[in-house]
Each structure stands twice: as structure tokens, then as C-alpha cells.
Amino acid sequence: MSEEIPKAYQPGEVETQWYARWLDSGCFRGDETGAKPAYSIVIPPPNVTGILHLGHVLNNTIQDILARRARMEGKDVLWLPGTDHAGIATQSKVEQKLRKEEGKTRRDLGREVFLEKVWEWKEEHGGIIISQLKRLGCSCDWTRERFTMDPAYSRWVAKVFVDLFNDGLIYRGKRMVNWCPKSLTALSDEEVIMKAQKSKLYTMRYRVAGEKNRWVEIATTRPETLMGDTAVAVHPKDPRYADLIGKSVIRPFPEAEIPVVASEHIDMEFGTGVLKVTPAHDKADFEIGLKHDLPILDVLNPDGTLNALAGPEFEGMDRFEARVKAAEKLEAMGQLVKVEDYENNVGYSERADVPVEPRISMQWFLKYPCVEEAAAAVASNAIHFRPERWKKTFAHWMEGIQDWCISRQLWWGHQIPVWYRKEKAGELRERESLDATSAGADLRVGIDPPADEENWTRDEDVLDTWFSSWLWPFATMSDSDAESSETLKKFYPTADLVTGPDIIFFWVARMIMAGYRWRGCLPFQNVFFTSIIRDKKGRKMSKQLGNSPDPLDLMAEYGADALRFGLMRIAPTGTDVKFDEDQIVEGRNFANKLWNAARYRQMQDAPVAIGPLDFGSLSIYSLDILARLDQLENDLRLAYEDYRFNEIAQLLYEFWWSHYCDWYLESTKGDFAADADPAARASTLATMDLVLKRFLLLLHPFMPHLTEELWEKIGYRGEHGPAFLMQTPLPSESVLAGADLAAVLEARDRVAAVYEAVGRARNLKAEYGLGANKGVKFIVDPEEGSFPEATVFARLAGAGEVVVTPGYEAAKGVPAALTGIGKIYLPLEGLVDVAAERERLGKELAKANDELKKVNAKLANENFVTRAPEEVIGEMKERRKHWQARVGEFEKMIGNLGS
RNA sequence: GCGCGAAUAGCUCAGCGGUAGAGCAUCUCGUUUACACCGAGGCGGUCGGGGGUUCGAAUCCCUCUUCGCGCACCA
């Protein structure tokens, strides 16, 4: 049943082997017909273009821990995985490849052929991140893996579009949107990242029309757009310019007379208090333009170059080059007053990382549904955000919520399910606004194409990728045509969502609204926001910096379990985490420690047979470790309730390494000696098995492969139990059930005293440079007349001999320590350096005196004595007694040293 | 500008009203029934500064400093 275990743990093969066995046995399958309570998570779908980074590792390890723990708590668990199609990222990746390999653009191929290429690419590379998640040990139900472009999923997306259109929540209009000149598409507000920018503030002057030599000075950061100026604006109450309102100024090039208008929006303090108004290229200017009925003069091409309206010398020039050129031209004309360094915020495209261009274009927009329900759900903790402070961020966004630009000028994605009758298409496409009421019979908005498709033209745009992922929790579990499904009934709403706070608006908020809109209820009960992983210096991980270690390398070197455990131990709830590879080394070391403790148990070579323990026959050390295990189980339960994963990891680590290995295992080694009492050996072994077995169960969610391996190797699986540790329920009864609790408490006190004494003895040895000396003799004058733990004490303290002598009168100069079990003497004939010992004891005495003083000061404070709670005062009195006794003893010992 | 975090041992972080902790690093010892990916022992902190509340503050409040993150149309 049990096998021999190698000396150092080699995770590589163990991990891949177990993962394959779990998969083969269908261990991850979520049973929608099961009778047990349901627990479900949907994975935040990674991009098909993605490769695993540490953020994924953190995020998915947490989900795996939750899923595995839930299974062991006796639930039917579904962890539903999948990927999303990542419109912009995937399309540009394939375009890039096309350019490199064939020197072609997507337009050279045409839409249909290009999309075939993207699918090919997806088939080839889209599975990478999935295989990496498998390497990590994720217990997802892969039989239910979904992709946002799956046919069934796509029908959901279309259905949702149609629903919203029919409700009047989706409309089309010509609006100012964020335009990415690199990806050549509109973006939503959320996809624009404001970045502080070192730029220049140009002050230029425009001549006032019809007046001799009168100029107005205007400050701008974007002189390259002045060709699109159609007005100049001042504050209506600005006395400097009051008389200008209604007059005109001369735009320098292309030369034109443009009006001076008044606008409340102008900040009189800023620059010169005069704003150039370029309605086509600035959102605020656009608003002013609307109010004053100004012409909209678009001087930019979609790719960010200037067009013919900017004038022949600028046509075709890139916007940043044009900025320099425009300033030069102004200077040549004598109209550039000054140029200053200036820091401002510029919006960047999240994906393409170039400055976005505000641009007027025809786009589809969504007025969000179920905003109130969503906001209320989070406010009331019906959906519980952890850490809670993200509630505020969420609420703030929900309050100021803006319509969502959902159309993208891409090919890869869900094409908008709108068809225009061919002969009307031209007109319909240009119509300023289009909604359910104004549409008419020349427009079809439907899940399926019209029957006479040949007479229709489909809208070319696709939908924002997030417009599909916001349906993820239910669209992965059911078909859009069916009312519901078995899976949905069993597993929706899901229990936990684990994701990063960076997508709280992109994804979390929208999923909540979608959940209410199409399922009539919340999509998940808890949202756990993970930390952002930074490098050791606190910088964000990025490819450019090269500071992002490849998790696969880490797993190859240390094992997936080590990576999981190491990361979880430092992952705080609520703040960023600085990654340090040493933490993963610790994870590996911990795995090895467990491995070897298990190996040690194997070396005792006794069959595994865990029956009920006979508590009466257990040693005090066994009772103590059982009590600690009991405590651990309680602490873990509480920590799980609050999702304090770092604490769980720390508790497991501490229990095993410090309490079990350092103390319990060492203090029971005597029971396995050749001449040991067989009864003691048997009861210690039984305790060891019980503790190890339970510990493997408790650790399993964090280190699934290693625990499963040991479970089998040691032979804990048993004849009739489940085939795998991962399927084994956590016992609900305490390991101490049926024990005499008073006896346990007594044992624990005694063990604490023995261990303390061991510490003092080791201390004494080290003080005299005998740390490694095994032949040392100790004399113990026991507190209670006898010292039955002398043998264990000798072993732990590394003593050759322990003589128990009640009332022992030490000769002068013998070093001694005062402990809970009595006085310990280290007789060192001829070795004692009296001066050194006096110094050492002197230090001890000083420390005791310090503590005593502190306590006395407190107790002398009348305010303290009258106001502090009774138990605190009682504790202080105890402390005083303790330190008083110690002071007395040390004084006596020093006296004993003689002179 | 508004809002939210963070600042504790050389490093990474716990602790969040009642005697300042862990791991790593460092120093000294050490192969005794697993483990050198190990064991034992040390060194190391006016808990960012300043005020306040309290019998008592790393912990609660105010303020300042530094860093990070959201949100915001100052051109």
C-alpha cells in the first residue's frame, strides 16, 4: 500500500501526473443533477491572445482554493472556464502577422478571408493560456469551457442587442467619441487612460477683425488643430474681453474670420482667458459649438494625419509633426508669443498605447439597464465587495454613469445584428440618429439575418468585447433560446467572483446590470478583488521593463504548489503586493518540509490504521498537538469566512513547521527508539497519522498536487473511501471529540512549561559555547517534586544527562535558569567564568526589573486601577507576581556566584 | 482639484486599543531516528513626523510629509 519516498521532493512529474489523473477521472466536473448544495464560480475569461502572468496565477489560485475547499466541504462545485475573443488585441495580432509574413493588410484580404485567418490563429494559439492554467492545477470543469465567439454565446450577444434596441436603450448617433488612430476604431471612456504628459503650452495671437493692430492672445497645447478652429471663446464676465464678444478674429491659416463667443465654461485664470474653439477635435469645444451653432471642421484623418482641410502644406502630415510645424509657421508669421513647458493629462488608448483623438463619428450607444438595481445591490451588500472600500469606487462610477459606446470599427468580434435595406442603406447610415421608433421597415434588427438577405446590407461594425463578456455568468450556462437550463438552475447565481479592481467598471459593474436585466437577479454574491502584483521595487509588471517573471519558469523550477503557496502567503487583502522570488523559494521549502515529515512517518514502517484514539493513553505532547490542530481548524474556518488567504497560508505554515515538526515530532522521537514502550509507540503513531492526514486535507486547496501524492504514498486513501484526496470530505468533528478537556488543558500547560524549559536550557548551553555539545549534564530542581519529562527534556535540549534533584543546593558559580518546571542548573566544573555568568544573570535581572517597574507603574496609577477593566488589572497583578518572583530568584542566583 | 490606499527590524510583510511579531538576510554553533530546500542560538524596531482622545495608542481622531491608485472637459 505504501511506497518508499525519495529524500527531496521533485514536484515536476508529480504535478503533471496528478493533474492528468484528476482529469481522466472527471474530478472537476460540475454535476448539475447533484443533490448537494451548489457552489459556483465563473472564471474571468482571459484573452485568447493572453499568456499566463503572475496576476493570473494569483487570481486563479484563489479561485482554485475556493473551489477545492468547497468540494471538500461537500458541495457540488462548478468552476466554469473560458476565454474571450479580445477584439482589438486579437485583430491587431493577426494583422501584424499578416503584414510581416505576407506584406498584406486586412483590407487586401477582405473581411471574410481575414476572419478565417483569425480563426486559424485562434485555433492554433488560443489554447495556450488554458494549458497554462492546467499546469497551475486549476480544477476547472473543462468540459464546459466557453469562448465568447462560440455560436451559442454569439446568439446571446445578438439577442441582448435586439432586446436593448427594442427597449430603446440602444441607439445610434453622431457623437464625439474617443478615437484610437492606431487601431482605427472608437473606444469607450473606460478604454482611455489618462496619463500625465510633459508637453508645451503655446501662446499665440490672433488678429481682431476690423481693428487696426489689435490682437488676442490664446494659449493652447494643440496648435496643430487651429486649422479646425471655428471660433474663439471668452468668459462672458471677463472685463478684458467684454467688448470682443460678437466681433471676429482672424484665424491665421487657412485664413478665415471666426467669431468670438461667450462661454461660462472658460476659466478666466487659465492662460490668457481665451480659448480657441475646435468643435471637431475637443469634447468641450464640441459642446460650445453646439450652443453657438458653429461649423464643425474636421482637419484630421482617421489615422491621425491631417487632411486637405488643414491646407496643402499640412495634408498627410502626422499630428505630432504638424504640431511642431504649426508652431513654426506661427512664429514665422510673428504670431507665436511664447512656448512654455507644461504638464497636462492626455488620454491614451489602453490597448494601442497612443494618444486618443476626440472625434465625431457615427456610433452605437447603450443607455445602461438596471442601473438602480445594480447600485442598490452593492450598496446593501447583497453583492458583497471585498475589500469593502471598492464599494465607494463602484458607487461613484454608477452615479455618474455615461452611455456606453459599444460599436467598434473592427472585423473580429460580434457583428452588429442590424441590416439596412440595400436601396436605403446609404441614407440610413448617414442619418443623424437611429432608434427603435424612427427605424421603420427599411431597417432590421434581429438575431437572425432577414430571409431575403440579398436585399439587405449589414452594419459593418462589431460590438465592444465587453458587450459580450458582461453576459458571462449566465450566457455560459444556458442558450439564449431556452428559458433556462439545468446548469443555470443549479449553479446560477454564482457564489464568488474573483477579479482585479482594474476591471470593476469594464466588467464587474456591467455583469451586475446584465444579471438583473436578463436573469432578474444578481450574478454573484461575493466579489473578491485581488491585489495588483508589482515587482520588488514597487513598479507595475510590464513586458517593457522585463520585470515580470514567467510563471511557467517559476513552476518548472519550484513547482506549481510552491508558486501557489508562496504567492498566497504574501497576497494581502486590499493592497498591492510586491513580488519577490524568495517567497516562492519558501513555498518550495515548505513543500519539502512536509514531504520529509511524511517520509519520516513512513520510515517508522507501521501500517496505517486510523481508528478512534484512546485519549487516556496519549502522551501530553500528543494531546497538545491535537489541541493545536483543533485550534488550527477553527482559525482556518474563520479565515476562510473572511477570504483572508494570506492568513490561511500562514496558519498552515506555522502549524506544520513550528508546532508539528519543530516540537511535536522532536519530542516524540523517543517513542520510536528500539527499546521504546510499544504502547507509547502505537499511540504516538496513531496521533501522527491523524494529524498528518487531517493536515493534508486542510492544505490541499493550497498545494493540491503534493498533498494528493502523499495521501496516496502513505496510504491514507483507504479501501472504501473516495479515489482521491480532492474528493475526500473534510471531517466536521473535532479531533478532540470525546477527550477529557480538563486533562487536555492540563497537558497543554505542562507541555508549554516543558518547552519553555527546553528553550532556557538551550539558551544556557549557547551562553557557554556548548550549543553543539551533546554530553552536557543538567540538574533539575523540579517545581512539583518530580520531573517525569526528563527524558524528553534531555532529547530536546540536547543533553547527555538530566539529573533530577529536588531541593538541589547549587554550588557557588553554577549557571542556572528559572523555568516553569523548576530550576535548571548547568554544572560546569572548572568551566564557569564567574564574571560572565554574573553579567548574564545581571542582564536577566535588569530585564526582570524593567518589566516589574513597568507593571508597578501601571498598578500605582490610580486612574488605571479605577478605570481599566478587571481582567486587565488581574493580568497586571499576575504579571507583577511573576516578575517579582523572578527578580528574587535572580538576586539569589547572583548571590550564589560568590565573588 | 476630489476621493481611496499605503508608510512597523536591512528586505517582504503580519498585528489594528492592553508585555512590538514572522519569514528571509546577517552573525555564532551544529550532520543526534525526516529534511542543509535542515536544526539550535543571537543581533536587529523612539511602529513616517507632529498634535489630540484614553488609565493605556503601532492600533482611534486631526494634521503634515512621501509613495501608489482611481475619478475630473482647465485649453
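Student: Is Ala86 buried or exposed?

Tutor: Ala86 is buried, with a relative accessible area of 5%. Buried means under 20% relative accessible area, exposed over 50%, partly exposed in between, with a 1.4 Å probe and protein chains only.

Student: What ground rules apply here?

Tutor: This is a predicted model: local features need pLDDT of at least 70, side-chain atom pairs count only at pLDDT 80 or more, and totals for chains, interfaces and linings use all residues. Residues are numbered from 1 along each chain as its sequence is written, chains are lettered from A and ligands numbered from 1 in the order in which they are written, and side-chain values use heavy atoms, with hydrogens and water left out.

Student: Back to Ala86. What is its phi?

Tutor: Positive, about 45°, although Ala86 is not a glycine. Ala86 lies in the loop between β3 (82-83) and α3 (87-102). Helices (H or I, at least four residues) and strands (E, at least two) are DSSP runs, numbered from the N terminus.

Student: And what is phi for Asn381?

Tutor: Near 70°, again positive in a residue other than glycine. Asn381 sits in the loop between α10 (371-379) and β15. Asn381 counts as partly exposed, at 25% relative accessibility.

Student: Switching to strands. In what sense do β7 and β8 pair?

Tutor: Antiparallel, over 6 bridges, with β7 at residues 192-208 and β8 at residues 215-220. Pairing requires that DSSP finds at least two bridges between two strands. Tyr206 has Val216 in β8 as its bridge partner.

Student: How many residues are between β7 and β8?

Tutor: 6, and the two strands form a hairpin. Gly210 in the turn has a positive phi of about 75°.

Student: Which part of the RNA is within 4 Å of the protein, sugar or phosphate, or bases?

Tutor: Of the RNA strand B atoms within 4 Å, 60% belong to sugar or phosphate and the rest to bases. An N or O atom in the side chain of Lys593 is 2.9 Å from a base oxygen of RNA strand B. Ala673 has a backbone N or O atom 3.0 Å from a base oxygen of RNA strand B. For Glu851, a polar side-chain atom lies 3.3 Å from a base oxygen of RNA strand B.

Student: How many aromatic pairs are there?

Tutor: The count comes to 50. Rings of Phe, Tyr and Trp (its six-membered ring) pair if their centres lie within 6.5 Å; planes under 30 degrees apart count as stacked, over 60 as edge-to-face and the rest as tilted. Tyr643 and Phe645 are edge-to-face, because their planes are at 80°, with ring centres 6.2 Å apart. Both Tyr643 and Phe645 are buried.

Student: Which pair is stacked?

Tutor: Phe655 and Phe695 are one such pair: 5.8 Å centre to centre, 25° between the planes. Phe655 is in helix α22 (residues 645-667) and Phe695 in helix α23 (residues 678-699), 40 residues apart. Phe655 is buried at 3% relative accessible area, and Phe695 is buried at 0%.

Student: Last one. How many disulfides does a search find?

Tutor: 0 in the whole structure. A disulfide is a pair of cysteine sulfur atoms within 2.5 Å. The Cys370 sulfur is 11 Å from the closest cysteine sulfur, in Cys521, so that is too far for a bond. Cys370 is buried, with a relative accessible area of 17%.

Notes. Near = heavy atom within 4 Å. Polar contact = N/O pair within 3.5 Å; in protein donor to acceptor, adjacent residues only side chain to side chain.
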